[in-house]
Amino acid sequence: LVAQTKAGSEKVESEGALKLAVTDKKHFGAALLAATGSAEHLAELRAYADGKGFELKQDGLYHGKKLLSSATEEGIYKALGLQ
């Protein structure tokens, strides 16, 4: 379960099979990707981003210190040149 907050804070709780991630609208896509992507997929996606000169972090896709995309999963994949 991933939820948005207006305050801009992020909170992740995990107990058993339930994982709750709370984030702001600006970082919702990155939080959703991190919460729902498998560890293997996320590792491959990070490696792919690194190869293109980007860094995929928990809160979004960066080029240097500039946040390129984090609001939607689609935006992150598009910025990487992926569908």
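**A strand and its neighbours**

Modeller: Let us start with G60, which lies in strand β5. Please keep in mind that this is a predicted model.

Colleague: Thanks! Is G60 buried or exposed?
Modeller: A residue counts as buried when its relative accessible area is under 20%. For G60 that area is 0%, so the word for G60 is buried.

Colleague: Which residues does G60 touch, leaving out those up to four places away in sequence?
Modeller: G60 sits in β5, and S70 is ten residues from G60 in sequence. In space the C-alpha atoms of G60 and S70 are 4.3 Å apart. The residues that G60 touches are A30, E55, L67, S69 and S70.

Colleague: Back in β5, what is the relative accessibility of Y62?
Modeller: Y62 is placed in β5, which covers residues 60-63. Y62 counts as buried, and burial requires a value under 20%. For Y62 the relative accessibility is 12%.

Colleague: Which side chain makes a polar contact with that of Y62?
Modeller: Beyond four places in sequence, Y62 is in contact with F54, E55, K57, L67 and L68. The polar contact of its side chain is with another residue, at 2.8 Å. That partner is D59.

**How the strands pair**

Colleague: In what sense do β4 and β5 pair?
Modeller: Strand β4 spans residues 55-57, and a hairpin through two residues joins β4 to β5. Over three bridges, the sense of the pairing is antiparallel.

Colleague: And which residue in the turn between β5 and β6 has a positive phi?
Modeller: β5 and β6 also pair in the antiparallel sense, over three bridges. H63 stands opposite K66 in β6, and two residues lie between the strands of this hairpin. The turn residue, with a positive phi of about 65°, is G64.

Colleague: How far apart are the end C-alpha atoms of α2?
Modeller: Helix α2 has 13 residues, 39-51. At 1.5 Å a residue, the helix should span 18 Å. The model agrees with this, as the end C-alpha atoms are separated by 18 Å.

Colleague: Why do the buried residues of α2 line one face?
Modeller: The buried residues of this helix are L42, L45 and A49. Seen down the axis of α2, they line one face because they fall within an arc of 60°.

Colleague: Which residues of α2 are exposed on the other side, and what do the buried ones pack against?
Modeller: The exposed residues on the other side of α2 are A39, E40, E44, D50 and G51. Just after the helix comes G53, with a positive phi of about 90°. As for the buried residues of α2, they pack against α1 (28-36), β4, β5 and α3 (73-79).

**The whole chain**

Colleague: In what order do the elements run from the N terminus?
Modeller: The protein chain has three helices and six strands. From the N terminus on, their order is β-β-β-α-α-β-β-β-α.

Colleague: Last one: what share of the residues is buried?
Modeller: The accessible surface of the chain is about 5,500 Å², and 53% of it belongs to carbon and sulfur atoms. Among contacts between residues at least 6 apart in sequence, 40% join residues at least 24 apart. Of the 83 residues in the chain, the buried share is 29%.

Terms used: Residues are numbered from 1 along each chain as its sequence is written. This is a predicted model: local features need pLDDT of at least 70, side-chain atom pairs count only at pLDDT 80 or more; totals for chains, interfaces and linings use all residues. Side-chain values use heavy atoms; hydrogens and water are left out. Helices (H or I, at least four residues) and strands (E, at least two) are DSSP runs, numbered from the N terminus. Buried means under 20% relative accessible area, exposed over 50%, partly exposed in between (1.4 Å probe, protein chains only). Contact means heavy atoms within 4.5 Å. A polar contact is a pair of N or O atoms within 3.5 Å; within protein, one must be able to donate a hydrogen and the other to accept it, and residues adjacent in sequence count only if both atoms are side-chain atoms. Two strands pair if DSSP finds at least two bridges between them. Accessible areas come from the Shrake-Rupley method with a 1.4 Å probe; for residues, only the protein chains shown count as cover. The expected span of a helix is 1.5 Å times one less than its number of residues. The arc is that of the directions from the helix axis to the C-beta atoms.
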